[in-house]
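Please open the structure in your viewer and keep the selection tool at hand.

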Amino acid sequence: GHKKLGVKFYLYVDDLDKVVTKNDRDPSNGSYAVGFCRTIEADEENKNLSANQLKERNHKGITLPERLLLGAGFYVATGQHLDMVNITLCTGSRDSDGHVPSVSWRSDARRVDVDWFYPGSSIDSIRSRSAVSLPV
């Protein structure tokens with residue numbers, strides 16, 4: 001996606017497919033459609049809420065593959081990046097230790113960063129994007 005578009009990346013790990021062992025939705029299980037708010041920054045109402053807190057509220061959050069695809073599509077359409085100020089917490093994904101991936105644009109380094117947070121971490125600038133399933 002992004003690399004073919006000439007966008008620089010920082011990945012905390014070498015192989016995201018190997019490390020991210022759980023996605024709430026996975027295209028290898030069949031086609032699906034999902035929608036998100038049309039905002040550059042992740043959902044304001046999800047600020048200061050950890051992945052654990054959101055799970056307790058039955059929140060359906062964006063997965064890492066969905067966020068990367070959403071970001072690539074937004075870049076192709078606008079020439080701009082998502083999450084220029086805040087960080088999208090991809091609460092629909094986990095690594096084998098239960099950590100939650102995140103994605104943001106680092107303007108100082110001019111790159112997209114994929115990083116990880118503890119599922120109990122909550123910070124104002126780390127926010128999940130709420131997923132809305134659509135009929136296929």
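**Stop one: S50**

The model on display is a predicted one. S50 itself is located in the loop that runs between β3 (33-35) and α2 (51-56). Is S50 buried or exposed? S50 counts as buried because its relative accessibility is 2%, and the cut-off for buried is under 20%.

**Stop two: the nonpolar cores**

Next, select L16, F36, L64, L68, C90, V103 and V114. Within the largest nonpolar core, which has 14 residues, these are the ones that touch the most other members. Now colour α3, β6 (100-106) and β7 (111-117), the elements that each contribute two or more residues to this core. Which element gives the most to this core? That element is β7, with three residues.

Then move to another core, which lies apart from the largest one and consists of five residues. Select A51, L89, V100 and I126, which are among its members.

**Stop three: a patch on the surface**

Finally, select I40, M84 and V85. Together they form a nonpolar patch on the surface, with about 270 Å² of accessible area. Within this selection, look at M84, which is placed in the loop between α3 (64-78) and β4 (87-89). M84 counts as partly exposed because its relative accessibility is 40%, and partly exposed covers the range between the 20% limit for buried and the 50% limit for exposed.

Technical notes
Residues numbered from 1 in each chain as written. Predicted model: local features only at pLDDT ≥ 70, side-chain atom pairs only at ≥ 80, totals over all residues. Heavy atoms only, no water. Patch = residues over 30% accessible without salt bridge, like charges linked within 9 Å, V, L, I, M, F, W, Y side chains within 5 Å. Areas by Shrake-Rupley, 256 points an atom, 1.4 Å probe, with all protein chains shown as cover. Salt bridge = Lys/Arg side-chain N within 4 Å of Asp/Glu carboxyl O. Helix = DSSP H or I, 4+ residues; strand = E, 2+ residues; numbered from the N terminus. Buried < 20%, exposed > 50% of the residue type's maximum accessible area, 1.4 Å probe, protein only. Core = buried A, V, L, I, M, F, W, Y, C linked by side-chain atoms within 4.5 Å.
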